[in-house]
Number of protein chains: 4
Amino acid sequence: MESPTAKLDRVVKEIADEMRQRPDRGEVASYIPELARVDASRFGLVVIDADGHVAAGGDSETPFSIQSISKVFTLTLALGKAGDRLWQRVGREPSGSAFNSIVQLEYERGIPRNPFINAGAIAITDLILSGHQPREALGEILRFMQFLADDDSITIDEAVAASEQRTGFRNAALANYMKSFGVLSNPVEHTLGVYFHHCAIAMSCRQLAMAGRFLAHAGRNPATGLTVVQKERALRINSVMLMCGHYDGSGEFAYRVGLPGKSGVGGGILAIAPGKASIAVWAPGLDANGNSHLGRVALEALTKRMGWSIFGA
Amino acid sequence: MESPTAKLDRVVKEIADEMRQRPDRGEVASYIPELARVDASRFGLVVIDADGHVAAGGDSETPFSIQSISKVFTLTLALGKAGDRLWQRVGREPSGSAFNSIVQLEYERGIPRNPFINAGAIAITDLILSGHQPREALGEILRFMQFLADDDSITIDEAVAASEQRTGFRNAALANYMKSFGVLSNPVEHTLGVYFHHCAIAMSCRQLAMAGRFLAHAGRNPATGLTVVQKERALRINSVMLMCGHYDGSGEFAYRVGLPGKSGVGGGILAIAPGKASIAVWAPGLDANGNSHLGRVALEALTKRMGWSIFGA
Amino acid sequence: MESPTAKLDRVVKEIADEMRQRPDRGEVASYIPELARVDASRFGLVVIDADGHVAAGGDSETPFSIQSISKVFTLTLALGKAGDRLWQRVGREPSGSAFNSIVQLEYERGIPRNPFINAGAIAITDLILSGHQPREALGEILRFMQFLADDDSITIDEAVAASEQRTGFRNAALANYMKSFGVLSNPVEHTLGVYFHHCAIAMSCRQLAMAGRFLAHAGRNPATGLTVVQKERALRINSVMLMCGHYDGSGEFAYRVGLPGKSGVGGGILAIAPGKASIAVWAPGLDANGNSHLGRVALEALTKRMGWSIFGA
Amino acid sequence: MESPTAKLDRVVKEIADEMRQRPDRGEVASYIPELARVDASRFGLVVIDADGHVAAGGDSETPFSIQSISKVFTLTLALGKAGDRLWQRVGREPSGSAFNSIVQLEYERGIPRNPFINAGAIAITDLILSGHQPREALGEILRFMQFLADDDSITIDEAVAASEQRTGFRNAALANYMKSFGVLSNPVEHTLGVYFHHCAIAMSCRQLAMAGRFLAHAGRNPATGLTVVQKERALRINSVMLMCGHYDGSGEFAYRVGLPGKSGVGGGILAIAPGKASIAVWAPGLDANGNSHLGRVALEALTKRMGWSIFGA
């Protein structure tokens, strides 16, 4: 009989093969010029189970721009600094709107609905920045990622950061808008600078799945044995990921995949099977909501075949 | 050492005692005159585990108006009739708005965001009604509840139904608005009549927890041995409950409780611990989002003490 | 040299001829089935100057459904009954939204922005109805129109009223929504019944221009010598017509025509040149905002050639 | 019998006296720190009739910050440069929202509703700036104001401009938002710099009334004999002033005053009585919509006593 590890290896390989052959690949993000150049045929999938076994398929070692997936880690870092008073600056409800909508901010006096829409992530970045120079804050975020992934080679793709900085007018609108309500406390340019740069961190699926392990295991990274956050906090970060991790497609992701997950416009998704596995998938083509199309399809197949949905087995 | 059953019994009793003594009871719903008369000091909690063991505390046998909790069961019934084409009439994303908001309907041409806001539940009712007389459709819904709870004594509180019918202008606005976009196919009065009546079904915590068991066990009711819905569908209903079951407080419920759940303005909540238990709680006082205040507090205590959060154990 | 009267006659004839030949006729309203049957090639124009001279062109004697133009007269009637406390139930600002939008009502707790969007006109109708049977209120409105036009032959087109009553779900949504906020005090069906019927009053351009004369002459109808409303009130009704009379195309109408005016989806427009003339035009084809396309074009030509813009001569 | 000129002089003096004594003075704008220092007891009124007679009352020679009144003149200038294709970048409908709302921009893809809300005025400034350095564009605007007022002593209050530049985050949000839709073609900082500076132009009531004379006289300044814009354009600028000149209080201004007018948060209002007079009033206290409270009260008294309403005499 097939062992659980063998099954996982087989399922990951099968899915990588299936995805490679699918013609429906979505559209590569075009609004950040540097991202538009990425090859839509790429696909990577890495699953790391509770024992640390790594099941890898496709382009599992190729770094890609993690973009909004970084928001899971900046939220974690900011909670460590500010604790629950963080929730005075950012809500934790689904927004019912697109990732870059400004309408809700006007109706709710500059308080973003959650930490995973752009406005909320900018507010979180501002909180991390507080009292530091942008360079220091950014260094802290990067070192946190390297620590979580246990890999010092992780870097920021400066070309992507510069590309977004040149064209990120909508994020500048969100930041200035929050600033007008006193929600940001640093100079807008500083906050945006750090935000654009942490979104431009480049990681492979393997690195990303490593970095997410503490969320799958109640706050503790089994690889390092270190507790990153207390158990309760890890569970709550997972809940925010499930509710808000895919913008206006969060309901769809929960319905089809059944795992907490956070997507980025670079085509990556980090998904967490609590107690079971940390999962990273990468497929650059996006759906209409700005989430990786084949990434979601692959995760749906994975949770179904492995019986990992949090909504029942 | 304490057995799991003994522990569950103890925890349920403890929570019932704690809740009875808390001064913060929320506000009993006032917009339906008949509900405003309910005694805010009532509290009931019933947990039925996988083996069918019933742990009960407080007013566990007193019937209350299940109100919007009925929407879980009408969704189940409508999926059985219409299958996935149901999702052409109703979305499955959180709305980011109050339970009775009409704004989203205008921007999205009469298609409600999900089956658990009022507009969505009215559209689901219209789907069940299709081709039937209101009396027949209502009979079908009631018999379905009796079948799920294995209890023929469940009835509709006609005084509550009449009270809502006299004052339900906002629901009439939602129904007429959807009708103008062709989303409803029956006469508005018929659809609203059935809707007001199924919301007025009265059940005790014990009956409600019984009726929810199929959702905790992959679509099969362990008490009767009957499969109510296929496994995949049960999981997906749970996902919609988590994402949308508490209106604009769904994120908060996921964050604090960590279980799929559906609230009603009568003060009840049905919550599902997949693979573990079906849970019903009742405390008439509501919070600002229209969800039972102590119901949520009790469930937060329960999942924490039992380690039942779906986001990690 | 041409006398002013001769010039007016000539200009009206010229415009009627020009309009008859234009190929761009707009789209006849389709959402009220009975109106959809009207012949798009019809065109009528009547101007009555300060001396009572009637300049007529085209189908000036054919009755058409005045629809929302009736709102000018119900506002006048309601101001006579309720005086300025009417403005506690209805605002007097442009809405920035379509004629049948419900969004603003939600954000402003059921108080319509002005008396000329559908919601506002329904609230005004409710005010006229107060304490009467629908039949009496409707009789009062009809007699007021006959009195103003000095013509007892004006009637209600019952087929149009019945057609709208069968299909007016969006207006039913608006009425129920306001009712839920306590803005309406009569049964919703009564208020809507009177509303649908006064919108179905049929009048010719000649009758309509006659009825509007009191607005062109500071509240006094020069034909009858009777003061309909005091001067100040007449001026203010004109101001509301200018600001709100063409829904989301009010700015465009002011920019191009430069006169207070009120349109109806039947293709009619009543326009007022203060101190100079009362004007009625009819062309059934509508533009994207639901206002008569050629009606507006004709009025633009008229004010330009006669030098009647209120914004400078 | 009193001559028209004597009557005007008397009425202006009376109103200035009445206003000086009123206790209800509104609230001086606080969001621009430099403006918050202005003395709320100031009041000035200047009316210049068709013959060039100047009737002055109160602080008629004290310069104040014209703020948004400058938008009338930048619109005039931009129409001279771009002609009617200006209307592809900015609409001309009332917005139904506050002066600094961003909601409408999201729903209408970055195109502001009209040239007098902040977003629209920023887009107009961007159009004037096109192909120039900020300093040149600003010089052009200032020289245009000096030319219209026939007074080279008009200057920009640099302290006010700097104050707004430091705190104008909401305007920066609007500008960045439009930039993201490609509605602005210059660097955001350049456009905002020019915008903040032309809003900081300081003028007295006398200078402002002089500058507005071309709008009262079909595009021609009777003082200089020069045609500033063609007649049609002058009328249309007046229409946009009436529809949109007082933000979300435009309907109220039209209802009470009955003249095209444009307000600024410095407490000034420019009003136009077509064919009769150019009027400037200044009272620093604002109402809830951000318009001068006593300025509006004074204008209401003036039009009533002089019989100048455009809605009937």
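Two strands pair if DSSP finds at least two bridges between them; strands (E, at least two residues) and helices (H or I, at least four) are DSSP runs numbered from the N terminus. The model is predicted, so local features need pLDDT of at least 70 and side-chain atom pairs pLDDT 80 or more, while totals for chains, interfaces and linings use all residues. Residues count from 1 along each chain as its sequence is written, and chains are lettered from A and ligands numbered from 1 in the order written.

Q: In β3(A), which residue is the bridge partner of Gly44(A)?
A: Start with β2 of chain A, which spans residues 44-49 and pairs with β3(A) in the antiparallel sense over five bridges. One of the bridges joins Gly44(A) to a residue of β3(A), and that partner is Gly58(A).

Q: Which strands of chain A stand at the edges of the sheet, each with a single partner strand?
A: Five strands of chain A make an open, antiparallel sheet in the order β3-β2-β11-β10-β9. Each edge strand has a single partner, so one side of it has no neighbour in the sheet. The two edge strands of chain A are β3 (54-58) and β9 (261-263).

Q: Which residue in the turn between β2(B) and β3(B) has a positive phi?
A: Over in chain B, β2 (residues 44-49) pairs with β3(B) in the antiparallel sense through five bridges, and Val47(B) has Ala55(B) as its bridge partner. β2(B) and β3(B) form a hairpin with four residues between them. The turn residue with a positive phi, about 90 degrees, is Gly52(B).

Q: How many residues of strand β3 of chain B are buried?
A: A residue is buried if 20 or more other C-beta atoms, placed from the backbone, lie within 10 Å of its own. Strand β3 of chain B covers residues 54-58 and is mostly covered. Its buried count is four of five.

Q: How many of the 14 residues of α11(A) are buried?
A: Look along α11(A): the buried residues include Arg233(A), Leu235(A), Ile237(A), Val240(A) and Cys244(A). The helix is largely enclosed by the rest of the structure, because its buried residues number 12 of the 14.

Q: Which element gives the largest share of the side of chain D that touches chain C?
A: Residues are in contact if their C-beta atoms, placed from the backbone, lie within 7 Å; here the contact takes 34 residues from chain D and 33 residues from chain C. Two elements of chain D give two or more residues to this side, α11 (231-244) and α12 (250-256). The copies meet through the same surface, because 97% of the interface residues of chain D are also interface residues in chain C. The largest share, nine residues, comes from α11(D).

Q: How far apart are the nearest C-alpha atoms of chain B and chain D?
A: Chain A and chain C share no contact, and their closest C-alpha atoms lie 10 Å apart. Chain B and chain D do not touch either, and the distance between their nearest C-alpha atoms is 10 Å.

Terms used:
Contact = placed C-beta atoms within 7 Å.
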